[in-house]
Amino acid sequence: MSDMSYKILGLYDAKLNEWDKLAYLHINSGGGACVNGSSSEITLRNAGEPIGEECYSIVVPPNFKPPLGGYIALNKGECLLRLGDDGKLSVVVSGFACVSSKLEAWRPINAAVLTVSDKGSRGERADTAGPALADMAESLGVRAAHRDIVPDERGVIADKLKTWADSGEVNLILTTGGTGLSRRDVTPEAIMDIHDRTVPGFGEIMRAHSMRYTPRGFLTRSLAVTRKDVLIIAFPGSERAVRQCFEAIAPGLRHAVEILCGRDAECGGHGGGRR
């Protein structure tokens with residue numbers, strides 16, 4: 001993580017030809033960027049650079065240069081923007097931008113999402129938990145580079161996790177399904193077959209948080225382990241339970257991956273020049 005502190009220097013609305021002190025950045029129903037309710041392209045401009053026409057510009061210090069394809073976190077991620085290869089910003093997490101908002105540049109963390117489901121692997125049930133995990137993870141600057149669905153078979157699950165973890169392409173694997181008490185629920189066993197170390201806090205906080213929603217929340221066998229420099233976390237199988245459990249672990253997830261793979265590693269280090 002960089003020791004330097006960056007803040008927004010200015011917000012300029014080219015359509016209105018005026019400077020703002022505060023703006024609400026959000027997403028419309030089509031996924032496009034909006035500023036204060038109006039669709040608009042959003043660009044990042046370093047101080048001293050020309051201000052773009054017909055767009056909304058966020059002006060930042062000259063030495064703040066996040067990598068293309070990376071993320072810009074305002075106020076520790078309360079608002080999160082993705083810097084596309086074309087230099088334009090898309091809104092990942094809606095929020096307020098104001099003059100003096102603190103800025104951090106987040107490199108994307110590459111992840112894989114695995115859904116474990118007999119019916120899902122046969123196409124008999126739509127997978128909603130896997131996509132939900134991928135969407136929520138991006139709110140932390142985590143990009144799902146791989147997705148798959150496998151049946152509740154211990155060997156199949158373990159082989160898939162091992163292949164992803166040893167590929168060098170991801171630093172985080174999220175699984176959903178197979179954490180219950182039925183005989184076919186074998187995801188925890190498959191994970192323990194290929195793990196190096198356990199990280200008990202993730203399962204503990206997920207079960208504690210689940211108890212806020214259901215008295216049976218302690219029955220989930222959710223857990224987390226590491227294999228080499230990859231963090232593997234097992235979530236329950238329903239979309240609702242996935243959302244509840246992700247809410248519990250989100251505050252520490254990105255930091256955990258950064259520590260695991262090295263503070264200055266490409267997976268999650270802050271700062272850096274544009275590619």
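Modeller: Buried means under 20% relative accessible area, exposed over 50%, and partly exposed in between (1.4 Å probe, protein chains only). This is a predicted model: local features need pLDDT of at least 70, side-chain atom pairs count only at pLDDT 80 or more, and totals for chains, interfaces and linings use all residues. Residues are numbered from 1 along each chain as its sequence is written, and side-chain values use heavy atoms, without hydrogens and water.

Colleague: Why is N75 classed as partly exposed?

Modeller: Because its relative accessible area is 25%. N75 has a phi near 50 degrees, a positive value in a residue other than glycine.

Colleague: Where is N75 found?

Modeller: In the loop between β9 (71-74) and β10 (79-83). Strands (E, at least two residues) and helices (H or I, at least four) are DSSP runs, numbered from the N terminus.

Colleague: New topic. Which residues touch the most other members of the largest nonpolar core?

Modeller: L172, I233, F235, F246 and L253, out of 27 residues. A nonpolar core is a set of buried Ala, Val, Leu, Ile, Met, Phe, Trp, Tyr and Cys residues joined through side-chain atoms within 4.5 Å.

Colleague: Which element gives the most to this core?

Modeller: α6, with 8 residues.

Colleague: And what does F235 touch?

Modeller: Its contacts (heavy atoms within 4.5 Å) include L133, M206, F246 and I249, leaving out residues up to four places away in sequence.

Colleague: What does the second core include?

Modeller: That separate core has 24 residues, among them V35, I58, L89 and V91.
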